[in-house]
Amino acid sequence: MLRLYDSRLSGNSWKIRILLSQLGLAYERITLDLQKGETRDPAFLRISRFARVPVLVLEDGRPIVESGAILLHLAEGTPYLPDDPYLRTEVMGWLFFEQADLQKAIAIPRVLHLRGLAEEKRHDIDRLHADGYPGLEKLDRWLIGRTWLVGERYTVADLALSAYVSLAGQGGYDMARFAGIRDWLARVHGQHGWVRLIPEDRPAADA
Ligand SMILES: N[C@@H](CCC(=O)N[C@@H](CS)C(=O)NCC(=O)O)C(=O)O
């Protein structure tokens, strides 16, 4: 059986749980506590070369790290990754853009807010917001007049981008200014098999 190492609040791991659910794949879930330093456990380090979640361990025991790589692996041969080489490349382009322009700029302010450090780290958060807002603006502009990021259907590009973008409000981003993103997120969250980050949360908490 597939095995997923994640953590409770990890947006990168959330992407994988959404796709596993959408594909109807059974898996064993092992949830690490990042604040207790469980990613530095020697057994985990043998499968996670960067000491981070998510890690997906395949049925033959080989691990895959990096959320984008895991999504591409799982989506191969499914409707979530196009066959057409140009469209596949476009999907990968969005995965790279998410990692370069959005992921840390959203994830770090979010962690600081969740840990009650927002006041103390105000300058760091402002700097990260200055990095993140241009990426959000680019995404919002691209979505004008489009339903999905690539081609005419929902793909792992939409899935990957939507995870941290839907958590940006928790990191102090003012998302009210991005109408294109808001409508697109509603479409993504309405996809078959989509799952909440924390199932027991109120609907507004991660949407
Ligand atoms: N680029 C990686 C980022 C993974 C990442 O930052 N994971 C975080 C949780 S979302 C983590 O494990 N942090 C623990 C640490 O860095 O010690 C991916 O997309 O999978």
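Colleague: What makes Asp60 and Arg62 a salt bridge?

Modeller: Happy to explain, with the reminder that this is a predicted model. The closest N and O atoms of Asp60 and Arg62 are 2.9 Å apart, and the rule asks for a side-chain nitrogen of Lys or Arg within 4 Å of a carboxyl oxygen of Asp or Glu, so the pair counts. By this rule the model has 12 salt bridges.

Colleague: And why is Arg62 called exposed?

Modeller: Its relative accessible area is 54%, and exposed means over 50%, so the word applies to Arg62.

Colleague: Which residue pairs with Arg88, and what does that pair tie together?

Modeller: Arg88 meets Glu76 in a salt bridge at 2.9 Å, N to O. Arg88 lies in helix α4 and Glu76 in the loop between α3 and α4, so parts 12 residues apart in sequence are tied together. Glu76 itself has a relative accessible area of 46%, between the 20% and 50% limits, so it is partly exposed.

Colleague: How do you know whether Asp6 is buried or exposed?

Modeller: Asp6 has 0% relative accessibility; buried means under 20%, so Asp6 is buried. Asp6 also forms a salt bridge with Arg29, with the closest N and O atoms 2.6 Å apart. That pair links strand β1 to strand β2, so it ties together parts 23 residues apart in sequence.

Colleague: One more: why do you place the largest pocket between the domains?

Modeller: Domain 1 (2-75) and domain 2 (85-189) both give residues to its lining, so the largest pocket lies between them. About 950 Å³ of space lies in that pocket, and α4 gives the most to its lining, with 8 residues.

Note on methods:
Residues numbered from 1 in each chain as written. Predicted model: local features only at pLDDT ≥ 70, side-chain atom pairs only at ≥ 80, totals over all residues. Heavy atoms only, no water. 1 Å grid on protein atoms, 1.4 Å probe; cavity = no way out; pocket = protein on both sides within 12 Å on 5 of 7 lines; lining within 4 Å. Points joined across faces, edges and corners; volume = space filled by probe spheres on them. Helix = DSSP H or I, 4+ residues; strand = E, 2+ residues; numbered from the N terminus. Domains from an automatic or database assignment. Buried < 20%, exposed > 50% of the residue type's maximum accessible area, 1.4 Å probe, protein only.
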